[in-house]
Amino acid sequence: MTVSIRVQREDFSLADEWASLRARIGAESGAIAAFAGLVRDDARGSGPTETLFLEHYPGMTESSIADIVREAEGRWPLDDVVIVHRVGALEPGDQIVLVLVASGHRAAAFAACEFLMDYLKTRAVFWKKETRGAASEWIRSSEDDFERAASWTERGGASGD
């Protein structure tokens, strides 16, 4: 399995990432699932977000993401995984995260992509600060995020079509 994990300030191109993955997998995989996350303008219902600032600890953040990918690989037969996560100051509408998963079957690709995103929201090492006007606050994942991640302990992997 090929894994690409990048934490970067620069924006990413979904088309370029997709093309690179397609070139690597050739005709080996039967499915690719994709998720691209965007910064919302009112993520917490407390007024318009002007800036979402993400901090990370180089090395530690990538290692935490690699652990999440290994767990997904233990659940589903995966051929390729791409995770690109941005850090720094982001504005509403900016791309923040990309997850691409290739597998022999669509069920495995969809499930692994969803699992990876749920765990990225709750287990990857990032610190997030929202700014609204003169106010800013460090935020954590929502209870819904933690509930979604916890639900995976009750689910098994699936590799069928």
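Student: How many aromatic pairs does the count come to?
Tutor: Four aromatic pairs. Keep in mind that this is a predicted model.
Student: How are the rings of Trp 76 and Trp 152 arranged, stacked or edge-to-face?
Tutor: Their centres are 5.6 Å apart and their planes stand at 85°, so the pair is edge-to-face. Planes over 60 degrees apart count that way.
Student: Which parts does that pair tie together?
Tutor: Trp 76 is in the loop between helix 2 (60-75) and strand 4 (78-86), and Trp 152 is in the segment after helix 4 (143-151), so the pair ties together parts 76 residues apart in sequence.
Student: Are Trp 76 and Trp 152 buried or exposed?
Tutor: Both are buried.
Student: And how do Phe 115 and Trp 152 sit?
Tutor: Edge-to-face again, because the planes are at 85°, with the ring centres 5.4 Å apart. Phe 115 belongs to helix 3 (residues 106-123), and Trp 152 lies 37 residues away in the segment after helix 4. Phe 115 is buried too.
Student: Which residues form the aromatic cluster?
Tutor: Trp 76, Phe 115, Tyr 119 and Trp 152 form one cluster.
Student: New topic. What is the secondary structure of the protein?
Tutor: Four helices and eight strands. From the N terminus, the order is β-α-β-β-α-β-β-β-α-β-β-α.
Student: Why call the protein as compact as a globular one of that length?
Tutor: Because its radius of gyration is 16 Å, close to the 15 Å the globule rule gives for 161 residues.
Student: What about charges?
Tutor: There are 18 positive and 27 negative side chains. The centres of the two sets lie 2 Å apart.

Terms used:
Residues numbered from 1 in each chain as written. Predicted model: local features only at pLDDT ≥ 70, side-chain atom pairs only at ≥ 80, totals over all residues. Heavy atoms only, no water. Phe/Tyr/Trp six-rings, centres within 6.5 Å; stacked < 30°, edge-to-face > 60°. Helix = DSSP H or I, 4+ residues; strand = E, 2+ residues; numbered from the N terminus. Buried < 20%, exposed > 50% of the residue type's maximum accessible area, 1.4 Å probe, protein only. Rg over C-alpha atoms; globule rule 2.2 N^0.38 Å. Lys, Arg positive; Asp, Glu negative; His and termini not counted. Charge placed at Lys NZ, Arg CZ, Asp CG, Glu CD.
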